[in-house]
Each structure stands twice: as C-alpha cells, then as structure tokens.
Amino acid sequence: MIDFAKPELPSDDKRWKAIQKEMRKHGYRHDALIQILHSVQGAFGYLGKDALAFVAASLRLPMSKVYAVATFYHYFVLEPAGEHSCVICTGTACYIKGVPELLDMLKREYGVGLGETTADKKLSLVSARCVGACGLAPVAVIDGETYGKLTAESMHETLEKILNSDIAETADASRDEEEVEA
Ligand code: FES
C-alpha cells in the first residue's frame with residue numbers, strides 16, 4: 001500500500017475516524033468508492049459536501065468523480081432538502097430505546113417519515129446506522145448537534161424551539177427593515 005499524507009478530518013466528530021478506518025481497511029482503493037460512500041451515508045445520514053471532499057482527498061480521486069458517483073445512484077442522499085436536518089439514529093441501541101416512538105411523533109406532528117422533507121421545506125428527516133453515541137440512546141443529530149436520551153416529548157420540544165427560532169428571526173429581520181425604512 002502506498003503511504004501518503006492523509007487529509008485532515010473535517011471535524012473532531014468521531015464518525016470521521018470510523019470512516020477513515022474503513023478507507024484504510026480498503027487500502028484507499030478507488031474501487032472501494034461506492035462502499036465508502038455507503039459507510040458515510042450510514043454514519044451521517046447523507047453525503048454532505050465536506051464528506052464528499054474528504055472521501056475524494058483520501059482516495060485521491062477528483063471531486064468530480066466522487067460527485068458523479070454520489071449523484072448517479074438514487075440511494076445516495078446529498079444535502080437534505082430541508083432548511084433543518086434531523087438525522088435519526090436507527091442503530092440497534094437507539095431502536096430498542098425508543099426510535100419507533102420518535103418516528104411516530106415526527107409523523108404525527110410534522111407529517112414526515114425517514115427520507116422525507118416537510119411540505120414547507122423546513123425539516124428533512126434522514127436515518128443513520130449508528131452515530132457513535134450509543135450510551136445516550138436514543139439519539140438524533142439535529143443541524144449537526146447531537147441530542148441524546150430523547151423521548152417523543154423532549155424531541156418535539158427541541159424541534160419546536162429550533163423551528164420557531166426561525167420564525168422569531170424572520171420577525172426580527174422584518175421589524176429591523178421596517179425601522180430602517182421609517
Ligand atoms: S445505535 Fe444509536 S448511537 Fe449507536
């Protein structure tokens with residue numbers, strides 16, 4: 001195996017280490033690309049730009065090639081379509097600790113299921129296999145932040161805060177605009 005300098009991990013999120021380990025296991029081979037993208041999506045719920053860039057740099061492939069593969073297969077999800085993203089961990093530990101209740105609440109309150117985005121494009125829901133925080137099960141990663149030991153109620157409350165802070169920001173912005181115009 002050729003040893004070359006590895007690109008820096010995009011953040012200290014330990015899922016990146018797991019992805020790096022997976023790439024090492026495959027000897028950073030180009031033909032492992034699809035498998036690696038599956039692992040990234042399994043860990044993060046979707047393939048963000050940072051993930052595609054990290055995989056491209058690690059496998060020493062042009063970004064265009066990685067992007068072409070990621071967009072060719074319908075299974076792969078690039079950035080979720082909604083303004084906010086909610087990644088539900090559907091790994092075993094999370095599942096048995098209450099993921100079905102969380103999913104019921106999301107369907108009931110927001111009308112979304114896994115892989116879907118609310119009609120107002122505010123919230124996208126995706127799933128990940130295990131986000132590496134099993135001790136906190138059940139876990140969701142909302143806009144990049146990990147929330148653990150969730151119940152349907154606490155998750156609903158968290159989402160309401162996040163979604164309603166948008167409304168407050170919009171109201172503040174239009175008030176500011178009115179003040180400037182006055
Ligand atoms: S199974 Fe959910 S964090 Fe590991």
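These legends walk through several close-up views of a predicted model.

**View 1. The whole chain at a glance.** Let us begin with the overall layout. The chain holds 7 helices and 5 strands. Read from the N terminus, its elements follow the order α-α-α-α-β-α-α-β-β-β-β-α. Of the 182 residues in the chain, 26% are buried. Among contacts between residues at least 6 apart in sequence, 62% join residues at least 24 apart.

View 2. Which residues of α2 are buried? They are Ile36, Leu37, Ser39, Val40, Gln41, Ala43 and Phe44. Just after α2 comes Gly45, whose phi is positive, at about 95 degrees.

**View 3. Where α2 meets α3.** A pair of packed helices can be described by the angle between their axes and the distance between the axes. For α2 and α3, the angle is about 145 degrees and the axes are 11 Å apart. The crossing of these two helices is right-handed. On the α2 side, the contact is made by Leu33, Ile36, Leu37, Val40 and Phe44, and on the α3 side by Ala51, Val55 and Leu59. How many residues of this contact are nonpolar, polar or charged? The contact of α2 with α3 has 8 nonpolar residues, no polar ones and no charged ones.

View 4. The 5 strands make an open sheet with mixed pairing, in the order β2-β3-β1-β4-β5. Why is one side of β2 and of β5 left without a neighbour in the sheet? Strands β2 (116-117) and β5 (145-147) stand at the edges and each has a single partner strand, so one side of each has no neighbour there. Helix α6 (residues 99-110) packs on the sheet, where it touches β1, β3 and β4 (140-142). The direction of α6 makes about 150 degrees with that of β1.

**View 5. Strand β1 and its two partners.** In general, the strands of a sheet pair through backbone hydrogen bonds, either parallel or antiparallel. Strand β1 pairs with β3 in the parallel sense, over 6 bridges. Look for His84, whose bridge partner in β3 is Leu123, and for Ser85, which stands opposite Ser124 in β3. Strand β1 also runs antiparallel to β4, joined to it by 3 bridges. In that pairing, Cys86 stands opposite Ile142 of β4. Strand β1 is mostly covered, with 5 of its 6 residues buried.

View 6. Is β3 covered or uncovered? Strand β3 is mostly covered, and 6 of its 6 residues are buried. On one side of β3 the buried residues are Leu123, Leu125 and Ser127, while on the other they are Ser124, Val126 and Ala128. Strands β2 and β3 run antiparallel and are joined by 2 bridges. Here Glu116 has Leu125 of β3 as its bridge partner, and Thr117 stands opposite Ser124.

View 7. Start in the loop between β3 and β4, where Pro138 is placed. The peptide bond from Ala137 to Pro138 is cis, with omega near -5 degrees. Next, Arg60 is found in the loop between α3 and α4. Although Arg60 is a residue other than glycine, its phi is positive, near 55 degrees. Is Arg60 buried or exposed? Arg60 has 11 other C-beta atoms within 10 Å, so Arg60 is exposed, the cut-off for exposed being 12 or fewer. Lastly, Asp143 sits in the loop between β4 and β5. Phi of Asp143, again a residue other than glycine, is positive and near 50 degrees. Asp143 is exposed because 11 other C-beta atoms lie within 10 Å.

Definitions and conventions:
Residues numbered from 1 in each chain as written. Predicted model: local features only at pLDDT ≥ 70, side-chain atom pairs only at ≥ 80, totals over all residues. Helix = DSSP H or I, 4+ residues; strand = E, 2+ residues; numbered from the N terminus. Buried ≥ 20, exposed ≤ 12 C-beta atoms within 10 Å, placed from the backbone. Contact = placed C-beta atoms within 7 Å. Pairing = 2+ DSSP bridges. Axes fitted to C-alpha atoms, helices over the stretch in contact; angles between N-to-C directions. Left-handed = near helix turned anticlockwise from the far one by under 90°. Nonpolar A, V, L, I, M, F, W, Y, C, P; charged D, E, K, R; others polar.
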